[in-house]
Amino acid sequence: TLIEKRNPKYSILNDNDLSFFEKLIGKNQCITDVKSLQAYNVDWLKMCQGKSKIALLPKSTEQLVEILKYSNNKRLALCPQGGNTGLVGGSVPVY
């Protein structure tokens with residue numbers, strides 16, 4: 001069994017981060033429900049399983065820029081996803 005170790009250089013998402021994202025893009029655009037996250041954490045072939053705690057759905061370039069700035073400043077790891085179509089195993093985060 002392969003055990004993935006979390007990279008310690010990245011922060012762990014906390015309630016303050018979640019609050020920031022909800023204020024920025026709206027609570028409905030922040031997916032945190034474990035069942036709903038499955039669509040973002042599992043690739044199309046169901047071969048790769050990620051462990052993301054949140055999926056953010058910005059509606060504008062400005063929102064995306066603010067998400068990237070905040071995440072960089074807080075050292076939160078990001079994994080962009082373009083819709084989970086095709087063979088995307090390489091895009092599913094496993095940290």
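**View 1. The whole chain and its surface.** The accessible surface of the chain comes to about 7000 Å², with 55% of that belonging to carbon and sulfur atoms. This is a predicted model, and the mean pLDDT of the chain is 85, with 81% of residues at 70 or more. Starting at the N terminus, the elements run α-β-α-β-α, which gives 3 helices and 2 strands. Of the 95 residues, 24% are buried. Take the contacts between residues at least 6 apart in sequence: 65% of them join residues at least 24 apart.

**View 2. The buried side of helix 1.** Helix 1 spans residues 15-25, and Asp17, Phe21 and Ile25 are buried there. Those three sit on the same side of the helix because they cover an arc of only 40° around its axis. An α-helix has 3.6 residues a turn, so residues three or four places apart point the same way. The cover over the buried residues of helix 1 includes strand 1 (30-31), strand 2 (55-56) and helix 3 (61-74).

**View 3. The other face of helix 1.** Turned away from the buried side, this face carries Asp15, Asn16 and Lys23, which are exposed.

**View 4. The two ends of helix 1.** At the N-terminal end, Asn14 does the capping: one of its side-chain oxygens lies 2.9 Å from the backbone nitrogen of Asn16. After the helix comes Gly26, with a positive phi near 100°.

**View 5. Confidence by element.** Helix 1 has the highest confidence, at 98, while helix 2 (residues 34-41) has the lowest, at a mean of 90.

Technical notes
Residues are numbered from 1 along each chain as its sequence is written. This is a predicted model: local features need pLDDT of at least 70, side-chain atom pairs count only at pLDDT 80 or more; totals for chains, interfaces and linings use all residues. Side-chain values use heavy atoms; hydrogens and water are left out. Buried means under 20% relative accessible area, exposed over 50%, partly exposed in between (1.4 Å probe, protein chains only). Helices (H or I, at least four residues) and strands (E, at least two) are DSSP runs, numbered from the N terminus. The arc is that of the directions from the helix axis to the C-beta atoms. Contact means heavy atoms within 4.5 Å. A polar contact is a pair of N or O atoms within 3.5 Å; within protein, one must be able to donate a hydrogen and the other to accept it, and residues adjacent in sequence count only if both atoms are side-chain atoms. pLDDT is the predictor's confidence in each residue, from 0 to 100. Accessible areas come from the Shrake-Rupley method with a 1.4 Å probe; for residues, only the protein chains shown count as cover.
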